[in-house]
Amino acid sequence: MIELPASLRRAIEDHGRDLTILVVRLGAMGDIVRTLPPVRLLRFALPDARIHWIAWDPWTQLLADHPDLDGVIALPRGALRAQARSPLAWPSLGISARRILSELRGLRANLVLDFHGDLRSGLIGRLSGASVRLGFEGHQQKEANRLFTTIRVPSGDRRTPRLERNLDLVRALGAPVDPVPDAGLIIGARDREEAGEIARAIAGEREFSILNPGASRRQAYKKPPAALFAAAARALSARGIVPIVVHGPDEDADAARVVEASAGLARVAPPTSLKVLAALLASARVFVGGDSGPLHLACGVSCPVVAIYGPTDPQVNAPWGVPRVSLWPPGRSYTGIKSKDRAAAGFDGLGGGDVSSAIDAILAKPREDG
């Protein structure tokens with residue numbers, strides 16, 4: 001356990017009484033989900049603490065009504081960016097900044113856990129007024145973040161899985177970190193009903209799987225080739241499991257390519273909210289996809305996964321807590337190789353047979369065996 005100020009140490013020893021914690025993890029989806037288990041462990045250890053989270057507004061729907069949080073502050077990412085780009089909107093930017101600052105100060109936080117580790121998150125922690133701001137030391141601390149943290153936890157090896165690195169912040173406070181829980185997401189009855197309607201419309205009463213071929217525009221290099229998803233669709237269909245393709249904004253073309261490559265075996269789901277996607281994943285037999293937010297969302301709701309890696313490190317971004325099979329190009333090194341070079345190589349070396357074998361392996365595993 002790290003050395004803490006006496007008042008904070010007493011609050012922790014008193015199960016979190018008189019302790020207000022601000023969790024800073026702004027995004028994106030996968031990182032939000034991989035931060036939830038450590039925060040849940042913090043709640044288990046400190047049941048009387050008040051825990052609030054600040055994140056970009058697209059991801060706060062995952063945090064809404066979470067039983068381990070007392071509140072969520074949504075940062076309007078799109079609006080702030082638009083206001084910053086236009087001098088005419090700068091007065092509105094000032095109003096937005098004052099509102100956010102008022103919310104932060106209104107929490108009266110005395111402890112910040114900065115899981116994000118960049119300039120923005122460090123500044124947010126400092127503006128909260130908390131006297132103790134816990135963050136990372138070393139390679140995980142970027143963009144002068146160290147200027148704003150008061151206590152720093154080693155980042156570990158560069159290939160430390162991100163979930164494990166997040167657990168280190170909680171471990172540093174003396175909280176037990178084993179066993180690691182799921183994400184604890186609350187999926188409402190309406191979301192489950194909508195997910196059920198989508199699944200029945202496509203699969204009837206048969207088992208179904210979720211295929212996710214997309215990735216964010218900025219990280220398009222993470223998208224596995226459509227041929228690999230087609231192989232998954234054929235393997236799943238042969239076992240009577242209906243492959244359903246999900247997609248996010250601007251990913252319609254990715255979904256269409258998978259349907260075409262699979263000769264129509266895969267079928268596309270309509271756009272959904274994140275909570276409906278979580279409900280679909282919670283009922284799916286298996287998830288197949290690249291290193292993206294939905295992969296970690298599947299882990300968070302206990303859905304078995306087949307994870308397909310190419311440019312990104314399968315160890316750093318490993319699935320967690322569920323039955324899983326990870327694929328990456330044979331012989332590829334993820335140590336000492338620049339990410340741009342791995343991106344150029346893509347998924348070269350992975351074939352449909354690898355995916356079919358992974359489907360066989362994952363379906364042979366008991367679902368409850370993580």
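Q: Which residues of α7 are buried?
A: Buried means under 20% relative accessible area, exposed means over 50%, and partly exposed lies in between (1.4 Å probe, protein chains only). In α7 the buried residues are Leu163, Arg165, Asn166, Leu167, Asp168, Leu169, Val170 and Ala172. Helix α7 spans residues 162–172 and is mostly covered, with 8 of its 11 residues buried. Helices (H or I, at least four residues) and strands (E, at least two) are DSSP runs, numbered from the N terminus.

Q: What should I know about the model and its numbering?
A: The model is predicted: local features need pLDDT of at least 70, side-chain atom pairs count only at pLDDT 80 or more, and totals for chains, interfaces and linings use all residues. Residues are numbered from 1 along each chain as its sequence is written, and side-chain values use heavy atoms, with hydrogens and water left out.

Q: What do the buried residues of α7 pack against?
A: Contact means heavy atoms within 4.5 Å. The buried residues of α7 pack against α2, β4 (111–114), β5 (132–137) and β6 (151–154).

Q: Where does Ser155 lie, and is Ser155 buried or exposed?
A: Ser155 sits in the loop between β6 and α7. Its relative accessible area is 2%, so Ser155 counts as buried. Beyond its neighbours within four places in sequence, Ser155 has contacts that include Phe136, His139, Thr160 and Arg165. Arg165 is also one of the buried residues of α7.

Q: Why is α11 called largely enclosed?
A: Count the buried residues. Helix α11 (residues 274–283) is largely enclosed by the rest of the structure because 8 of its 10 residues are buried. Among them are Leu274, Lys275 and Leu281. The cover includes α2, α3 (60–63), α8 (189–203), β7 (208–212), β10 (287–290) and α12 (293–300).

Q: Which peptide bonds are cis?
A: Look at omega. A cis bond joins Gly27 and Ala28, with omega about -5°. Ala28 is in the loop between β1 (20–24) and α2. The bond from Asp178 to Pro179 is also cis, with omega near 0°. Pro179 belongs to the loop between α7 and α8.

Q: What is phi at Asp18, and where is Asp18 found?
A: Phi of Asp18 is near 65°, a positive value in a residue other than glycine. Asp18 is in the loop between α1 (6–13) and β1. With a relative accessible area of 56%, Asp18 is exposed.

Q: What is phi at Glu143?
A: Glu143 has a positive phi near 55°, and it too is a residue other than glycine. Its place is the loop between β5 and β6.
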